[in-house]
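Please open the structure in your viewer and keep the selection tool at hand. The stops below are to be visited in order.

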Amino acid sequence: MNGRQLQKLGVPEECVREAITAIQFAIASRTTDSKQIKPKIKEILDAPEAYRADEYFAKFAQAIIDDRNFVRAEPVAYETWGKSGIDQESHFQMRQACSVPVAVAGALMPDAHVGYGLPIGGVLACENAVIPYAVGVDIACRMKLSVLDIGADSIDSQFNRFKEALEGGTRFGVGKEYQKPQAHAVMDADWSITRITREKKDRAWKQLGTSGSGNHFVEFGVLTLTERDEELNLEAGQYVALLSHSGSRGAGAAVCSTYSAIAQAALPKKYEDLGRLAWLDLDSEAGQEYWAAMNLMGDYAAANHDVIHRQVSKLLGSQIIAGVENHHNFAWKETHGGKEVIVHRKGATPAAAGELGVIPGSMADPAFVVRGKGNAASLGSASHGAGRQMSRTKARDKFSWNAVKNDLEKKGVRVLSAGADEVPGAYKDIRQVMNEQADLVDIVARFDPRIVKMCDDGSKAED
């Protein structure tokens with residue numbers, strides 16, 4: 001009998017494998033012939049307890065009993081930062097994520113808003129399993145800040161020089177590529193670790209050094225330190241800095257799509273409502289493949305920023321003297337509560353004790369260089385930005401881009417290109433967000449945007 005025939009008899013989908021194994025075992029032993037199978041299955045379905053000790057059908061009977069006794073566990077608890085500014089749908093998504101059977105802990109950051117599967121700003125720890133959509137579509141989206149050896153007053157006095165460096169140092173838009181691929185050691189890595197990374201290597205190479213769309217940006221600004229920082233090796237003062245936000249481009253999206261589909265196809269029927277929260281066991285072949293591909297995408301995203309900063313600083317004629325960078329949209333093997341777990345941070349910044357990171361605001365508001373406090377309740381995490389308070393559609397309907405751009409210019413922020421869906425009014429107040437996570441990070445420095453470049457061609461958001 002095949003799986004479909006067994007399910008018609010009433011065998012739960014989760015028990016079909018045990019049923020087929022038992023049938024094959026019984027027939028091979030010659031104690032049961034094919035004509036007896038159908039009534040035997042019906043007998044077991046009627047009274048599985050009577051077959052617990054059966055030589056051939058015990059495991060199938062136990063599977064039936066376990067299936068009928070199954071009760072979903074209560075979701076694991078999670079703590080929330082910035083409670084007043086987070087919508088109920090984000091909380092619904094977080095509760096659902098915490099009900100995944102492999103979940104062991106969670107946290108919700110103050111920039112949280114609705115995403116796919118895990119909300120943006122969601123942190124989820126799982127036991128020996130990874131959830132592709134809890135990592136995100138733009139795998140290893142990250143921040144990178146480089147401090148340059150050039151006077152802070154030069155941004156205004158030499159505007160065209162900075163403008164040309166930004167416009168020549170990267171490219172924005174879905175699918176944007178370089179005709180002549182950029183050089184970086186990441187392209188010498190083993191891209192054959194999975195079928196999808198092997199197939200996407202050429203595209204990834206052409207997109208190396210590009211910035212994509214959505215909330216991705218590259219901008220110049222003034223970094224202010226109020227006191228010397230030993231780790232950065234910078235004295236108190238003001239510096240020109242280059243800040244970028246983007247991820248693993250088309251290759252990362254393909255990895256997410258491929259392995260999320262595999263996870264969802266294997267999702268047990270009793271958990272089908274979890275949808276995009278489908279997980280991959282790290283001991284499985286698919287789980288190991290995704291983990292390897294995700295980490296390669298992390299290296300690629302870092303290389304993407306390296307190329308952008310290298311090109312922009314070269315065009316500007318400056319040297320990089322210090323820097324900070326960090327992933328979000330990633331999963332890490334970490335120890336929490338004395339146990340190794342897989343910590344997903346979807347739109348959340350790693351903030352272990354002493355760990356440096358960058359948390360941006362909007363094109364009108366500051367970004368902050370921070371040092372983590374290692375708060376155990378947040379799983380050593382903080383927000384990845386200000387967080388949206390308005391959908392893209394609503395922002396485009398509400399704001400006039402030309403009016404916003406003119407207002408920003410009066411405030412000293414010149415926007416070379418962007419879309420109305422990324423206006424400052426679409427975001428929460430970064431200052432309030434930082435106040436709400438004062439127990440997660442210390443502020444080391446403040447970055448004020450002065451020249452901003454984003455995608456303005458109407459491309460679908462890749463963030």
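Which residues are exposed on the other side of α8? Before selecting them, note that this is a predicted model, in which local features need pLDDT of at least 70, side-chain atom pairs count only at pLDDT 80 or more, and totals for chains, interfaces and linings use all residues. Residues are numbered from 1 along each chain as its sequence is written, and side-chain values use heavy atoms, with hydrogens and water left out.

**First stop: helix α8**

Select residues 159-169, which form helix α8; helices (H or I, at least four residues) and strands (E, at least two) are DSSP runs, numbered from the N terminus. Within this helix, Phe159, Phe162, Ala165, Leu166 and Gly169 are buried. They lie on the same side of α8, because the arc they cover around the axis is only 135°, the arc being that of the directions from the helix axis to the C-beta atoms. Asn160 and Glu164 are the exposed residues on the other side. Here buried means under 20% relative accessible area, exposed over 50%, and partly exposed in between (1.4 Å probe, protein chains only).

Now display the surroundings of the helix. The buried residues of α8 pack against α7 (154-157), β6 (217-225), β7 (237-246), α11 (285-316), β16 (414-417) and β17 (441-454), where contact means heavy atoms within 4.5 Å.

**Second stop: strands β5 and β9**

Select arginine 142 and glutamate 325, whose side chains meet in a salt bridge (2.4 Å, N to O). A salt bridge is a side-chain nitrogen of Lys or Arg within 4 Å of a carboxyl oxygen of Asp or Glu. Glutamate 325 belongs to strand β9 (residues 320-327) and arginine 142 to strand β5 (residues 142-148), so the pair ties together parts that are 183 residues apart in sequence. Arginine 142 is buried, at 6% relative accessible area, whereas glutamate 325 is partly exposed, at 32%.

Next, select aspartate 67 and lysine 270, which are joined by a salt bridge of 3.6 Å, N to O. Aspartate 67 is in helix α4 (residues 58-69) and lysine 270 in the loop between α10 (249-265) and β8 (280-281), so this pair links parts 203 residues apart in sequence. Aspartate 67 is partly exposed, with a relative accessible area of 22%, and lysine 270 is also partly exposed, at 25%.

Select Arg388, Arg392, Arg396, Asp421 and Glu422 together to see a network of salt bridges. Then move to arginine 431 and aspartate 429, which form a salt bridge with their closest N and O atoms 3.6 Å apart. The count of salt bridges comes to 24.
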